[in-house]
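Work through the exercises below with the structure in view. Try each task before you read its solution.

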Amino acid sequence: MSQNGANDSRGTLGDYFAFLMPDLDLSRDPIPTWPPDVFALCAAILRETGAYHLAVTNWPPRDGWVEWVSKYGETWRRLWCQRKVAPAVAAREWEVLRGLASMETNLLRQGDREDSGRAVRALLNLLALADQASENAGIPFNEPAKEQDFYFHARRRLMSLGLGSSLCERIPHARGRVLPKMHTGQSGLTLRSLSHHLAFCPPSEIIPKWRPFDTPARDQHFLNLLLVPWPPTISRNSFTENSVPGSSPRNMPDDFGYFNYEPEAAGGAAAHIAKCLEACPSSRFPHGVVLPELALDPREYESVREAVLAKGAFLLCGVAEKSASAESPAINRLHFDVALTDAEPDLIRFISLTQTKHHRWMLDGAQIDQYGLRDYLQRDRLWWEYCDFRDREQNIACIRNWLAIAPLICEDLARPDPIQEIVRSIGPNLVVALLMDGPQLQTRWSRRYASVLSDDPGCSVLTLTSVGMIKLTEEKYPRKKRAHRIIALWQDRLNPPREIGLSDDSDAVLLRIAKTARREWTADGRSDGNGSFYAIIEDYAHDVLQIRTGATRKSRATSTGGT
């Protein structure tokens, strides 16, 4: 039996629904009362058969259909809060499917058949009703008092993080998930084009973890991010060939090898970041602090976390955990830590989301030249980062009622499989990619891959690297060139890409991100009424501030290989 349902042994609608929801018998059971379950059933079969394309060829089925969906979708949500069954209009569509329970699913592709047309119309109607009923599910906002039970229940479903998040009640995670959605792609035609509020995620090795943070700042229309391009220096001898016997890539030619990255303990990260925070103007104090990939070791990370959370900001940073023994690989991960506001005085409580890298960095000859590593790694070999893989997880932190952030680590931005189906289905407003890379110029690879997500579904993408990595490229980007301090790149759907530079006497950049509302449409003709929000940098001169602590010149004078 295949994961996605394509198997002749369950080729009917009834068989397919029973596979997705094992306790359901379509031929006799009433419609499930929880809208995300119905959404998953309809979305899965429309995706499997491709029949969703009929939503743009012979739609809508009646005049006033959009108003019909809006009215009865909201009715469904209210009825659920009253512990009542789904509205009669949804039950009638379900009865159509019950009557066709023995219909072969492959016939749904034939939209010219009368029974196929009825089944597809019922599926599309139920999909739209369930999507509308689930508006704002998983989003921290001030819920109407009469509907709070619906939103509390949605939050409980999402925060059962052991097996990852899903809004579904009766559908096992291994057969499909439903997650909240922030953007609907406005080009092309896929299943993602048919919903505003819910995303169906088919079975995948990626474990999504959606976390809504219900904090007092949830209604703020902006976000201040402090970008700290730590560490200030990286020694080339931190890159070494992995020489442990038997650790070479198995069954691979001799021109493949593993390299270790073991940064020197620079120290002082917590004190440096504390000074950066102190130097920020009170009117623009950071809501979050972001550091690049592999910026801190575990001990430094704990100190930095304490310093950042004590100020009420969140921390997103890369952590390098050295191998426990000569034979075990290192761990390359990120931490996303958010302080909780209901803690006792002098007590810091926080939620820590962790995520390991999904793809190893592979150094080729061009990169060895770029970073000046010829004395440490053979140029004529391909070198894979010697790091461990854990369960592939994707965190999504919803920290505003308009903003969901999805963090990535370097190659995970560039490799479309397997992460991008989840990311593009959800459409997070902001993707933050932590990098070990050179300057973030518009001509570099990061812009190319960021544009994929900014074009569809409309994510804004921020990439950040360290000053230390940029310094390794001095021969390619010498000091006289502007590139030598471009630490970040911003790309959104509404504006040209923007390089974010660090001036020679600055230690960090304070970025002000604002929301702007736009109207998005589903392929079946439903508008969200300017309910989609884009994260943007409105005024570059005003919204990007250089943060100076006074320590930059001193640290440059005492470091080696500085720019």
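**Exercise 1. In what order do the seven strands of the open sheet lie, and which strands stand at the edges?**

Step 1. The open sheet has the strand order 3-13-14-15-16-17-18, and its pairing is mixed. Two strands pair if DSSP finds at least two bridges between them. Strands (E, at least two residues) and helices (H or I, at least four) are DSSP runs, numbered from the N terminus.

Step 2. Strand 3 (207–212) and strand 18 (498–501) each have a single partner strand, so one side of each is left without a neighbour in the sheet. These two are the edges.

Step 3. From one strand to the next, the twist averages 20°.

A note on the source: this is a predicted model, where local features need pLDDT of at least 70 and side-chain atom pairs count only at pLDDT 80 or more, while totals for chains, interfaces and linings use all residues. Residues are numbered from 1 along each chain as its sequence is written, and side-chain values use heavy atoms, leaving out hydrogens and water.

**Exercise 2. In which sense do strand 16 and strand 17 pair, and which helix lies across them?**

Step 1. Recall that strands of a sheet pair through backbone hydrogen bonds, either parallel or antiparallel.

Step 2. Strand 16 (residues 460–464) and strand 17 (residues 486–491) are antiparallel, with four bridges. Find Leu462: Trp490 in strand 17 stands opposite.

Step 3. Helix 12 (residues 445–455) lies across strand 15 (430–434), strand 16 and strand 17. Helix 12 runs at about 25° to strand 17. Such angles run from 0 to 180 degrees between N-to-C directions, and axes are lines fitted to C-alpha atoms, for helices over the stretch in contact (heavy atoms within 4.5 Å).

**Exercise 3. How are the rings of Trp80 and Phe150 arranged, and which parts does the pair tie together?**

Step 1. Rings of Phe, Tyr and Trp (its six-membered ring) pair if their centres lie within 6.5 Å; planes under 30 degrees apart are stacked, over 60 edge-to-face, the rest tilted. The structure holds 17 aromatic pairs.

Step 2. Trp80 and Phe150 are 5.8 Å apart, centre to centre, with 90° between the planes: edge-to-face.

Step 3. Trp80 lies in helix 3 (residues 65–81) and Phe150 in helix 6 (residues 148–158), so the pair ties together parts 70 residues apart in sequence.

Step 4. Ring pairs link Trp34, Trp80, Phe141, Phe150 and Tyr151 into a cluster.
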